Amino acid sequence: QAISNREKEFLEFACTDLTYREIGEKMFCSARTVESYRDSLFEKLGVNSRVALALYAVKHGIYKL
């Protein structure tokens with residue numbers, strides 16, 4: 001499954017130390033919506049942690065160190 005632009009945006013923030021509430025504020029959505037992006041990416045990528053999402057984002061050039 002393709003990753004949406006909003007999910008990519010979330011992936012960038014997932015690489016920071018921001019809380020889901022703070023990510024929601026930056027993305028102009030609720031923390032629950034942010035958790036939905038997270039859960040969707042967990043399923044699409046076959047991972048189960050924020051660290052794994054961050055590693056994916058770095059490895060695939062979504063987040064640049």
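Tutor: We may, bearing in mind that this is a predicted model. Let us begin with Leu-18, whose relative accessibility is 17%.

Student: Why is Leu-18 called buried?

Tutor: Buried means under 20% relative accessible area. Leu-18 has 17%, and therefore counts as buried.

Student: Where in the chain does Leu-18 lie, and with which residues is Leu-18 in contact?

Tutor: Leu-18 belongs to the loop between helix H1 (5–14) and helix H2 (20–27). If neighbours within four places in sequence are left aside, its contacts are Phe-13, Ile-23, Lys-26 and Arg-50. Contact here requires heavy atoms within 4.5 Å. As for Lys-44, 26 residues away along the chain, its C-alpha atom is separated from that of Leu-18 by 22 Å.

Student: How many aromatic pairs does a search of the whole structure find?

Tutor: The search finds one aromatic pair. Its members are Phe-10 and Tyr-20, with 6.2 Å from centre to centre and 35° between the planes.

Student: Which parts of the chain does the pair tie together?

Tutor: Phe-10 lies in helix H1 and Tyr-20 in helix H2, so the pair ties together parts that are 10 residues apart in sequence.

Student: What share of the protein chain is buried?

Tutor: Buried residues make up 31% of the 65 residues.

Student: How do you know that the radius of gyration agrees with a compact globule?

Tutor: For 65 residues, the rule gives a radius near 11 Å, and the protein chain has 11 Å, so the two agree. The C-alpha atoms fill a box of roughly 25 × 25 × 20 Å along the principal axes.

Student: Which elements make up the protein chain?

Tutor: The protein chain has four helices and zero strands, in the order α-α-α-α from the N terminus. Of contacts between residues at least 6 apart in sequence, 51% join residues at least 24 apart.

Key: Residues are numbered from 1 along each chain as its sequence is written. This is a predicted model: local features need pLDDT of at least 70, side-chain atom pairs count only at pLDDT 80 or more; totals for chains, interfaces and linings use all residues. Side-chain values use heavy atoms; hydrogens and water are left out. Helices (H or I, at least four residues) and strands (E, at least two) are DSSP runs, numbered from the N terminus. The radius of gyration is taken over C-alpha atoms; the globule rule is 2.2 Å times the number of residues to the power 0.38. Buried means under 20% relative accessible area, exposed over 50%, partly exposed in between (1.4 Å probe, protein chains only). Rings of Phe, Tyr and Trp (its six-membered ring) pair if their centres lie within 6.5 Å; planes under 30 degrees apart count as stacked, over 60 as edge-to-face and the rest as tilted.
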